[in-house]
Every structure is written in structure tokens, then in C-alpha cells.
Amino acid sequence: MPHRHMMMHMTFFWGKNAEILFSGWPGYDNLGMYVLALVIVFVLTVVVEWLSACKFIKESSNNNVAAGLVQTLMYGIRIGLAYMVMLAVMSFNAGVFLVAVAGHALGFFFFGSRAFNPSSGTGKTSDLPPLSC
């Protein structure tokens, strides 16, 4: 079977024939793998929002070095996942863009908004600094 080369799009396009994150993935003319790629991007964005709202360190923690290491590790994981989402969106596939925005919005609704976290309007809500674009 001859190997098909994917065209690199420089503008948004619709369709399941895209390369997202890795060469040849999700593949050419494979709707199931494309849907799986969309689900993975959606989950990544929700996890980024969850990490942005989590409190990993107790206020009464006396060990600042250990707390700083945990905070740094979680920050690194969050930024790494956020960069993966950014690279996926850079595929310029409109479906990937829409699920990334939907995942961030839904993740914020559940973990960052006042809807499920009444204390989000007062005081410190996360151990990590906010994401900035």
C-alpha cells in the first residue's frame, strides 16, 4: 500500500484527514481514529483546567521545599499538556480547535467557575499561577 503524504494546512480546514501531534496520526481516511484524536484533545484541555484549579498543598504545610517541589512538578505537567494542546490546534483542523475550546470552557465551568466552586471568588483558589497566553 503506497504511503500517502498529508498536506500541511496553513489555514483552518474541515475534515478527518489531518495529522495531529504525531506524524501519520490519526491517519488518512479513518473516522474512528480522528474521533479518538478529538476525544484525547478534549480530555487534555479538561485536565489542564483541572490542574489550574487544584490545590495540592495544604495551607498549614511547614515544609516549603517539598511544597515548592510539588508545585513546580504540577506546573511543569500543566504547561507540558497545554503545549500539547497548542500543537494539536496548530494542525489547523477546525474540529480540533472546537474541541480544544469546548474542553477548556467545560473544564473551567466545572473546576474554575463559581458554579461548582463557591469559593472561587475569594482568596487563593489554586497552587499554580494562572495560565497566560
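Let me begin with serine 91, which lies in the loop between helix H2 (64-89) and H3. Helices here are DSSP runs of H or I with at least four residues, strands are runs of E with at least two, and both are numbered from the N terminus. The model is a predicted one, in which local features need pLDDT of at least 70 and side-chain atom pairs count only at pLDDT 80 or more, while totals for chains, interfaces and linings use all residues. Residues are numbered from 1 along each chain as its sequence is written, and side-chain values use heavy atoms, with hydrogens and water left out.

Is serine 91 buried or exposed? Serine 91 is buried, at a relative accessible area of 10%. The term buried means under 20% relative accessible area, exposed means over 50%, and partly exposed lies in between, with a 1.4 Å probe and protein chains only. Setting aside residues up to four places away in sequence, serine 91 touches His9, Phe13, Glu19, Ile20 and Val96. A contact means heavy atoms within 4.5 Å.

I turn now to the overall fold. The protein has three helices and zero strands, and its elements run α-α-α from the N terminus on. Of its 133 residues, 30% count as buried. Among contacts with a separation of 6 or more, 65% come from residues 24 or more positions apart. The protein exposes about 8,800 Å², of which carbon and sulfur atoms supply 69%; these areas come from the Shrake-Rupley method with a 1.4 Å probe, and for residues only the protein chains shown count as cover.

Next, helix H1. An unreviewed UniProt entry lists residues 31-53 as "transmembrane region"; such annotations may be inferred rather than shown by experiment, and the positions are given in the numbering used here, with feature names shortened. Over residues 31-53 the chain is 100% helix and 0% strand, with the end C-alpha atoms 34 Å apart. Threonine 45 is found in helix H1 and counts as buried, at 0% relative accessibility. Which residues does threonine 45 touch, not counting those up to four places away in sequence? They are Val85, Val99, Ala100, Gly103 and His104.

On charged pairs, the count comes to one salt bridge, defined as a side-chain nitrogen of Lys or Arg within 4 Å of a carboxyl oxygen of Asp or Glu. Lysine 16 forms a salt bridge with aspartate 29, and the closest N and O atoms are 3.1 Å apart. Both residues lie in the segment before helix H1 (31-53), so the pair ties together parts that are 13 residues apart in sequence. Lysine 16 is partly exposed, with a relative accessible area of 28%.

Finally, the aromatic and nonpolar side chains. There are five aromatic pairs, where rings of Phe, Tyr and Trp (its six-membered ring) pair if their centres lie within 6.5 Å; planes under 30 degrees apart count as stacked, over 60 as edge-to-face and the rest as tilted. The rings of phenylalanine 109 and phenylalanine 110 are edge-to-face, because their centres are 5.5 Å apart and their planes stand at 65°. Phenylalanine 109 is partly exposed at 40%, and phenylalanine 110 is partly exposed at 38% relative accessibility. Phe12, Phe92 and Phe97 form one aromatic cluster.

Phe12 and Phe97 also belong to a nonpolar surface patch of about 560 Å², made together with Trp14, Leu98 and Val101. Patch residues have over 30% relative accessible area and no salt bridge; like charges are joined within 9 Å, and nonpolar side chains (Val, Leu, Ile, Met, Phe, Trp, Tyr) within 5 Å. Valine 101 sits in helix H3 (residues 94-111) and is partly exposed, at 44% relative accessibility.
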